[in-house]
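Welcome! Please take a moment to look over the sequence and the model, and then we will walk through them together.

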Amino acid sequence: EGSLSAGMSVAVTTHLAYCAACRQVTEEQQAQLATRWLSAEDAGQLPDPDRFSELVDRVTSSPQQTEMPAAPRPNKPVELKLGRCKAVLPRALARIAEQGVEWRSLGRGIKTASLRLDRDQNCDFMYMEPGSKSIEHSHHGTEAMVVLDGSFSAELGEYGRGDFVWRDGQHTPPPQTREGCIRFAVHDQTLYFR
């Protein structure tokens, strides 16, 4: 539907890059929506053609590009490598990481790199070295995470490469890792570290 924020769209797209089962479900849903849309077209239930004409007029009255776009860059893998963890980033995250990732230490073997994808949410990469435990924190909103490499455990279980984790303010015990991990997270509220 296109209703997700930029950060959440990247999280979902990243998970889909790792998870064949979810990719299949997504492809099936897209096919169903396309069939419904084509059925609506056959029944004459498409959006008002005058509104479509307005959209075309706005697009064609905008300044047109006069320079040729740069040739696409080769699809060179983008990696995050910290300690024993190495994540080859899916395309959605690779584009973001290509702009530069600045790591800062939070102590206790935890590093984070903030990313600015939209105004509504905070996004970051987090690295936890083997045997570390995240700093205790709380938040009032939701947090979505995708494990890029390694694994971590929290009160709801053990999560490994490609897993999508959804937590709300009720889930407060901090994650910990035996082997180390790199993950991408999206928060709709500020985290408060203790």
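Helices (H or I, at least four residues) and strands (E, at least two) are DSSP runs, numbered from the N terminus. The expected span of a helix is 1.5 Å times one less than its number of residues. This is a predicted model, where local features need pLDDT of at least 70, side-chain atom pairs count only at pLDDT 80 or more, and totals for chains, interfaces and linings use all residues. Residues are numbered from 1 along each chain as its sequence is written, and side-chain values use heavy atoms, leaving out hydrogens and water.

Let us begin with helix α1, which covers residues 6-18. Its 13 residues reach 19 Å from the first C-alpha to the last, close to the 18 Å expected. Several α1 residues are buried, among them G7, V10, A11 and T14; buried means under 20% relative accessible area, exposed over 50%, and partly exposed in between, with a 1.4 Å probe and protein chains only.

Next come two cysteines. A disulfide is a pair of cysteine sulfur atoms within 2.5 Å, and a search of the whole structure finds zero. The sulfur of C22 lies 3.5 Å from the closest cysteine sulfur, in C19, so the two are too far apart for a bond. C19 is buried at 18% relative accessible area, whereas C22 is partly exposed at 30%.

Finally, turn to strand β1 (residues 79-82), whose side chains alternate. Strand β2 (residues 85-88) pairs with β1 in the antiparallel sense over four bridges; pairing requires at least two DSSP bridges between strands. E79 stands opposite V88 in β2. Two residues sit between the strands of this hairpin, where G83 takes a positive phi near 55°.
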